[in-house]
Amino acid sequence: MQNICIFAQNNQIKNMATHIEIQPIEKSKIDSVDFDNLPFGSVFSDHMLECNFVDGAWQTPIIKAYSPITLDPSAKIFHYGQSIFEGMKAYKDADENTLLFRPLENFKRLNKSAERLMIPAIPEAIFMDGLKKLLEIDNQWVPTNEGSSLYIRPFMFASGNGFHASPADAYKFCICTAPSGAYFSGKLKVLIEEKYARAANGGVGFAKAGGNYAAQFYPTQLAKEKGYNQVIWTDDNTHQYIEEAGAMNIFVRINDTLITSPTSDRILDGITRKSIIQISKDLKIDIEVRKITVSEVIAAAKAGNLKEMFGAGTAAVISPIAGFGFQDTDYDLPELEETYAALLKKTITDLQTNKTEDPHGWRVML
Ligand SMILES: Cc1ncc(COP(=O)(O)O)c(C=O)c1O
C-alpha cells in the first residue's frame, strides 16, 4: 500500500501523512463483460475511489467495490448543483503497458472548476496517486482492442446537508472507470444554435460543472427532433460566433487553414483541443486560433471552400461533421479522401497508445 500525504483546509493544501485504504472486492465481474462490443461509459469496473472532505479536511481515500453512494435528501448536490467532473482515458500499448494522456491537465482543470463552484481543491497526491492505484488494481479492465479505452470519470460534489442556499460543509471526490468503445459512430450532422446558449460571460462555461450539461439537454433534444445529432453552440450575446459542439471543442477547415475558437469564460479549455493545436503545428498544418463567425462558415460552404468541420474531445476523440443546419438550410461538407480529421486522429491516438514518439512528454506510463 502506498503512503501519500494529503490534507486540504479552506482550499489551502497541507501535507500530512495518510494512506489509501484498499478494500478489494472478492470476485471480479470482468468475465461477464464483452470487450469486443463495449458501449461508451455504461459498463463499470470492479473498484472505485472515494474520498470525503469533512471538518475542513480531505480524509483518507478508499478504494472499494464500485457501489451506490448514499446521501441525505437535503445533500446540497441535489438542490444547488455543486457538482463538477473530469473525463480522461487510460490506454494499453502493444506491450500491455497502461498509459494516461496529460493527466495533470485534468487535475488542474478539476481544481479550476472546484474554485468556481466553491468546492475545496483536491490535493494532487489524492488525485494522481489515487488514480494510479485504482488503475493498478483494475488493470485488466483497460481494454486492449483498437479504438477502445478505459474511460475515467473523476468527480466531486457537495455531500453536506441543509436547505440553506450556501456552499456545503462536506464533499466527496470519487473516481469511477468504465471500459468503453467509441462515443459516436459515424459522421455527425449538427445544428448551429441561434436561440439557446450553454454558457455566458462571467458564468461557468469554462468549468466542467454538471449543470452546464443539464442545460444542453433540452436544446439538443430539439435539434435531434429536427434530425441533427448535436448542437453547435454560438456565443450567448450575438449568436454570431461558433464556440463548441456538445461535449467537444470545434475545428473548422477553410481551404487548407484549420481554425478553432480561443477559449474564454464560455468555452472549456479542452485537453484534446490544445493537443490538436500543437500537433497541427508539428505537422506544419496552417492553424489559427481566432473567433470564427457563422457567416464566414456559411460563405465558405457556399463558395466550396469549407473543407472540414470536426469536434475534438477526450470521449469522442475527433468526430468529423458531415453537414450542418442553419436557419432552415442544410449544408453538406465534401467527402475528401484525405482529411485533417483522419490525420490528426491517427496522430493523437498513435501518441496516446505509445505507437509513436512523444515529443512533448504527454504520456504517463503506470
Ligand atoms: C463542453 C466541452 N467542451 C470540450 C470538451 C473537450 O475537452 P477534453 O478534450 O479535455 O476532453 C469537453 C469534454 O470534456 C466538454 O465537455
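**Exercise 1.** Describe how helix α2 packs against helix α3 in this predicted model.

*Solution.* 
Step 1. Find the two helices: α2 covers residues 103-116 and α3 covers residues 124-137.
Step 2. Take the geometry of the pair. The axes lie 10 Å apart, and the packing angle is about 140°.
Step 3. Classify the angle. Angles over 145 degrees count as roughly antiparallel and those from 65 to 115 as roughly perpendicular; α2 and α3 are therefore oblique to each other.

**Exercise 2.** Which residues of α2 and α3 meet, and how do they divide by class?

*Solution.* 
Step 1. On the α2 side, the residues are P103, L104, N106, F107 and L110.
Step 2. On the α3 side, they are E124, F127 and M128.
Step 3. Sort the contact of α2 with α3 by class: six residues are nonpolar, one is polar and one is charged.

**Exercise 3.** How is helix α5 oriented relative to helix α7, and what makes up their contact?

*Solution.* 
Step 1. Locate α5 at residues 271-282 and α7 at residues 340-352.
Step 2. Their axes come within 10 Å and cross at roughly 110°.
Step 3. An angle of 65 to 115 degrees counts as roughly perpendicular, so α5 is roughly perpendicular to α7.
Step 4. List the contact: α5 supplies T272, S275, I276, I279 and S280, while α7 supplies L344, T347, I348 and L351.
Step 5. Sort the residues of this contact of α5 with α7: five are nonpolar, four are polar and none is charged.

**Exercise 4.** How many residues surround the ligand, and which are the closest?

*Solution.* 
Step 1. The ligand is surrounded by 16 residues.
Step 2. The closest are K208, Y213, E244, T272 and T314.
Step 3. T272 also belongs to the α5 side of the contact with α7.

**Exercise 5.** Give the distances from the ligand to polar atoms of K208, E244 and I271.

*Solution.* 
Step 1. For K208, a polar side-chain atom is 2.5 Å from a ligand oxygen atom.
Step 2. For E244, an N or O atom of the side chain lies 2.3 Å from a ligand nitrogen atom.
Step 3. For I271, a polar backbone atom is 2.8 Å from an oxygen atom of the ligand.

Notes
Residues are numbered from 1 along each chain as its sequence is written. This is a predicted model: local features need pLDDT of at least 70, side-chain atom pairs count only at pLDDT 80 or more; totals for chains, interfaces and linings use all residues. Side-chain values use heavy atoms; hydrogens and water are left out. Axes are lines fitted to C-alpha atoms, for helices over the stretch in contact, and angles run from 0 to 180 degrees between N-to-C directions. Helices (H or I, at least four residues) and strands (E, at least two) are DSSP runs, numbered from the N terminus. Angles under 35 degrees count as roughly parallel, over 145 as roughly antiparallel, 65 to 115 as roughly perpendicular and the rest as oblique. Contact means heavy atoms within 4.5 Å. Ala, Val, Leu, Ile, Met, Phe, Trp, Tyr, Cys and Pro count as nonpolar, Asp, Glu, Lys and Arg as charged, and the others, Gly among them, as polar. A residue is near a molecule or strand if one of its heavy atoms lies within 4 Å of it. A polar contact is a pair of N or O atoms within 3.5 Å; within protein, one must be able to donate a hydrogen and the other to accept it, and residues adjacent in sequence count only if both atoms are side-chain atoms.
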